[in-house]
Amino acid sequence: MKDHPATLQLNPKEIFPFELDDFQKQAIAALNAGKSVVVCAPTGSGKTLVGEYAIYRAMSRGKRVFYTTPLKALSNQKFRDFQQRFGSEQVGQNVKEVGLITGDILINPEAPIVVMTTEIFRNMLYETPIGQVGTSVKDVEAVILDECHYISNKGRGTVWEESIIYCPPEIQIVALSATIGNPQELTDWIERVREKANVDKKKKYTCELVNSDYRPVPLKFHFINKKGLFPLLNAKQDKVNPRLKLKSNNRGSRRRLNREDCPEIADAIAAMQEKEMLPCIYVIFSRRGCDRAVEDLTSLVLVSREEGKKLQAILLEFFLANNYELQKILVEYFAEKEPELQQKLVSYAARNEGALDELIEFFARNLKIKTEFFQVLGQNSNFARGQQLEPLTRGIAAHHAGVLPAWKELVEKLFELGLIKLIFATATLSAGINMPARTTVISSLSKRSDEGHRLLTPSEFLQIAGRAGRRGKDIIGHVVTLQTPFEGAKEAAYLATTGAEALRSWFTPSYGMVLNLLQKHTIEEAKNLLERSFAEYLAQLKLEPEQEAIASITTELAKIDIELAAIDTAHFASFEKLRERLREEYRLLEILQKQAESNRKQKIAPLIPKIEPGRIVFLKGKHVKITPPLAAVTIAKIPGAGRSPDLICLGKDNRYYIASSNDVSDITNEFIPEAEIAKIVLPSLQGKIQLGRWRKGNEITAEIGDLIAKQTNTFQQIAPEVIEQQLVVDKVQAQLDNHPLQQYKSPGSLIKRHKQRVILRGKLHKSQVKYQKHKSYSSYYWEEFLNLIEVLREFEAISGFTPTALGEAAATIRGENELWLGLALMSGSFDDLAPHHLAAAIGALIIETPRSDSWCNYEPSIEVLQALGIKKPANEAREVAIANLSETRRKLNQIQNRYDVAMPVWLERKLIGSIEQWALGVEWGELCENTSLDEGDILRMIRRTVDILWQIPQVQQLPENLQSNARKAIAQMKRFPV
């Protein structure tokens with residue numbers, strides 16, 4: 001340990017050279033009393049210090065500590081931090097005191113401090129082959145579960161629950177969590193779990209809650225609309241600022257705003273600059289949105305001259321130091337274009353004294369050349385995007401999962417140094433990375449999710465907002481929300497004043513869990529372990545509310561049954577069927593109308609350049625997105641982007657439009673008199689003019705708009721097929737109008753009430769089943785556990801309750817569907833595959849079905865497709881000798897459906913050619929150019945493949961040849977940036 005002698009009692013004042021907050025002192029006292037502790041506090045409040053004290057304390061007593069995080073990137077960051085903080089003796093590139101285990105990385109596993117992902121810790125606790133990662137829990141005094149609120153993560157929360165359930169009670173748990181709504185429930189559950197696992201009943205293992213709402217830098221909430229920046233909340237900070245309340249329409253509901261009525265990114269940044277609120281993290285829930293925001297701010301400079309010099313110096317060193325190939329490319333590129341720049345580059349590459357300053361001064365005098373230089377530098381770098389690098393020199397960057405980790409680390413470093421003032425980031429930035437800012441902007445209060453478009457939860461909002469305010473630098477942290485077409489100040493105020501919601505459990509049994517438990521426990525012991533889950537604990541707490549819910553649903557159902565008693569239930573189904581038919585016929589009508597419009601556009605295209613002022617046309621196209629087409633009169637022509645001129649038109653809606661040739665859907669034989677056209681005074685054409693809707697007209701043009709409307713009421717030509725389909729629509733509409741439900745006052749309301757009745761009946765059934773389960777103390781997930789056992793038996797992965805060779809192999813593997821991976825690896829299909837073919841085949845088993853618009857120019861090899869069962873082998877004898885994986889997949893899906901098991905069974909071929917090519921040595925830049933995926937997505941796909949390959953040699957049941965080829969594939973794929 002560094003600078004601290006081994007003692008039994010530690011004085012926190014000697015370790016931390018500053019006054020601790022009360023909650024930190026309380027947590028330290030609990031640890032010193034031998035208790036486990038749950039620390040819930042806002043983001044940036046100093047929770048990590050409690051974990052650091054646990055490390056100092058354990059090392060002073062000659063004990064070990066495990067520090068777990070939810071992400072490999074966060075584990076790597078903590079590993080580097082702890083090397084600096086706790087390291088005293090250097091061993092190679094690392095320090096003796098700190099180790100790291102993340103699946104594909106194993107460094108100093110027997111060190112006193114071992115940083116690992118939570119999955120690794122959970123696997124270790126299984127004490128089965130997968131847990132053999134080079135260390136054990138021997139002499140471990142404490143485990144720190146960082147980001148413990150991940151227990152509420154739908155995809156990964158089970159790992160945290162298992163880690164707590166299986167952790168020996170004598171090991172102290174230090175659970176560090178962001179603010180949650182039910183911290184006492186989490187604490188009580190941890191204590192109950194540890195007591196159930198306690199063999200020595202003489203000793204009591206308690207867990208103490210340290211819950212703090214203290215925030216070292218208080219938050220102030222703001223709202224930006226078209227009028228500017230305002231306080232979001234009222235004086236009491238408990239409701240929306242009255243000045244921000246939107247007026248309702250006559251029906252009492254708020255209308256949706258147009259995009260033009262909402263502030264642009266540039267407006268928000270200008271408002272924050274004026275109030276000195278930078279540096280800022282600007283959250284946009286879209287990678288493309290982040291990238292576009294950076295690219296659109298072409299002239300914005302947020303750094304001073306000196307900061308700009310520092311930035312450029314760091315970037316030049318980062319990209320060019322010891323990168324002779326990139327130096328050569330730049331020197332050759334600018335040799336003829338900019339000889340002076342070429343000379344300065346040569347001098348810089350030679351490390352001549354003062355060369356760096358001269359190069360930066362040259363850029364200061366030649367801004368266009370500087371822009372081009374950094375674009376070329378980015379385009380020829382292995383991990384930077386050309387269009388993103390130059391904005392970095394102006395203090396602007398993007399940070400999201402689509403860019404490579406090396407780029408993100410560079411951005412994070414520059415932000416911490418204060419050289420980047422504005423980062424556009426997705427919400428993934430919230431996951432533990434240390435990047436506080438003075439201001440956080442939340443661009444939208446809703447985002448896409450598996451359940452569709454939804455409002456942010458209070459916890460999501462608070463976690464993003466919590467990044468605002470830098471301890472020791474800012475007196476106040478600023479949180480800015482924006483007016484959007486869908487959400488405004490009302491929604492923002494609700495999220496800002498609502499406390500975090502309660503943690504929930506997503507505990508879900510998996511094949512790996514079943515197989516690992518059955519290797520070490522009887523079926524009764526396994527059931528007992530499942531009954532310790534957080535889900536089970538919360539379920540027992542909910543018995544009384546569920547009983548009340550059943551009574552409430554029953555009452556509501558009775559009311560609806562009385563309301564709808566006189567109506568034949570068959571009428572509801574037939575009415576809905578007709579409505580669906582009508583929607584489909586309308587959809588077909590719209591398709592036919594679009595086809596007719598397209599055909600008409602092709603016919604009139606040659607006539608458009610000849611259109612004279614006064615001619616009435618119809619507008620509809622890329623820049624005039626309206627239905628139906630808009631009648632408008634041509635006023636004038638201006639030069640267009642192509643051969644045809646653009647038209648300045650006045651629509652019958654009394655608005656001017658700038659229309660390209662593609663926006664003209666029809667030309668009439670009608671004219672507005674020349675005398676009327678002469679009355680029009682066009683708005684100024686100075687400045688940038690965009691195609692589409694332009695300016696509002698005046699009283700004079702309003703009269704002309706009326707003339708246009710009168711002369712075009714009956715003009716539009718309608719294609720025969722459109723007329724025919726319109727008749728079909730009218731017929732179905734007539735059937736709907738004459739339906740028996742129409743005799744009632746409001747058929748739509750009746751349909752809604754019937755749907756509500758169906759939903760309530762389903763809820764009632766589920767609630768009753770759930771209540772009966774809880775009442776009888778049956779395991780919350782026991783039925784699901786038993787269903788997994790049945791599937792495993794169908795494939796002979798277990799015999800009775802004992803795993804077979806296939807079961808032991810599947811238990812050793814970690815993935816989304818361990819049985820599927822075990823079946824594939826044990827099938828013999830992969831035994832003789834070359835390393836690059838093996839990598840592609842493994843990728844096929846773990847890659848999710850990509851978006852329909854995804855593409856890859858690399859086709860997988862025939863050997864890979866044959867191994868996957870997608871193509872038949874040329875050798876019929878081999879086809880008989882090995883199992884057909886496509887058939888196995890079909891059977892697994894079928895049996896899973898039979899037992900109501902929802903585990904993914906991937907077999908993806910569209911993207912796996914890129915994995916094969918990477919293993920064959922293709923360059924990173926070329927790989928990225930040949931697929932639609934972002935660099936970060938490609939990297940994750942390859943790393944996930946490497947992770948499974950890394951596990952293959954640990955599966956003792958697999959042949960040596962397959963294990964050897966897996967090692968070779970890893971060696972071929974583990975190169976920058978992987």
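This is a predicted model: local features need pLDDT of at least 70, side-chain atom pairs count only at pLDDT 80 or more; totals for chains, interfaces and linings use all residues.

Biologist: Which residue does Glu-358 form a salt bridge with?

Modeller: The partner is Lys-344, and the closest N and O atoms of the two are 3.9 Å apart. Lys-344 belongs to helix H12 (residues 339-349) and Glu-358 to helix H13 (residues 355-365), so this pair ties together parts that are 14 residues apart in sequence. Lys-344 itself counts as buried, because its relative accessibility is 16%.

Biologist: How many salt bridges are there in the whole structure?

Modeller: The search of the whole structure finds 46. One of them joins Arg-471 to Asp-21, with the closest N and O atoms 2.9 Å apart. Arg-471 sits in the loop between helix H17 (458-465) and strand E19 (477-482), while Asp-21 sits in the loop between helix H1 (12-15) and helix H2 (22-32), so the pair ties together parts that are 450 residues apart in sequence. Arg-471 is partly exposed at 44% relative accessibility, whereas Asp-21, at 13%, is buried.

Biologist: OK, and where do Lys-594 and Glu-590 lie?

Modeller: Both are in helix H23 (residues 569-604), four residues apart, which is about one turn of the helix, and their side chains meet in a salt bridge at 3.5 Å, N to O.

Biologist: New topic: what about Lys-78, is it buried or exposed?

Modeller: Lys-78 is buried yet has no salt bridge, and the nearest side chain of opposite charge, Asp-146, is 4.4 Å away. Lys-78 lies in helix H4 (residues 72-86), and its contacts beyond four places in sequence are Thr-48, Tyr-67, Thr-69, Val-115 and Asp-146.

Biologist: And what does Thr-68 touch?

Modeller: Leaving out residues up to four places away in sequence, Thr-68 touches several residues, among them Met-116, Phe-121, Ile-144 and Asp-146. Thr-68 is in strand E2 (residues 64-69), and it is buried because its relative accessible area is 0%.

Biologist: Last one: which residues lie nearest the centre of the second largest pocket?

Modeller: Those are Arg-259, Ile-265, Ile-284, Arg-292 and Ser-443, out of 29 lining residues, and the pocket holds about 1,100 Å³ of space. The largest share of the lining, four residues, comes from H9.

Biologist: What pLDDT does the chain average?

Modeller: The average is 87, and 94% of the residues score at least 70, although over residues 1-7 the pLDDT is below 50.

Definitions and conventions:
Residues are numbered from 1 along each chain as its sequence is written. Side-chain values use heavy atoms; hydrogens and water are left out. pLDDT is the predictor's confidence in each residue, from 0 to 100. Contact means heavy atoms within 4.5 Å. Helices (H or I, at least four residues) and strands (E, at least two) are DSSP runs, numbered from the N terminus. Buried means under 20% relative accessible area, exposed over 50%, partly exposed in between (1.4 Å probe, protein chains only). Lys and Arg count as positive and Asp and Glu as negative; His and the chain ends are not counted. A salt bridge is a side-chain nitrogen of Lys or Arg within 4 Å of a carboxyl oxygen of Asp or Glu. On a 1 Å grid over the protein atoms alone, a cavity is a set of points where a 1.4 Å probe fits but cannot get out, and a pocket is an open set with protein on both sides within 12 Å along at least five of seven lines; lining residues have an atom within 4 Å of a point. Grid points are joined across faces, edges and corners, and a volume is the space filled by probe spheres set on the points.
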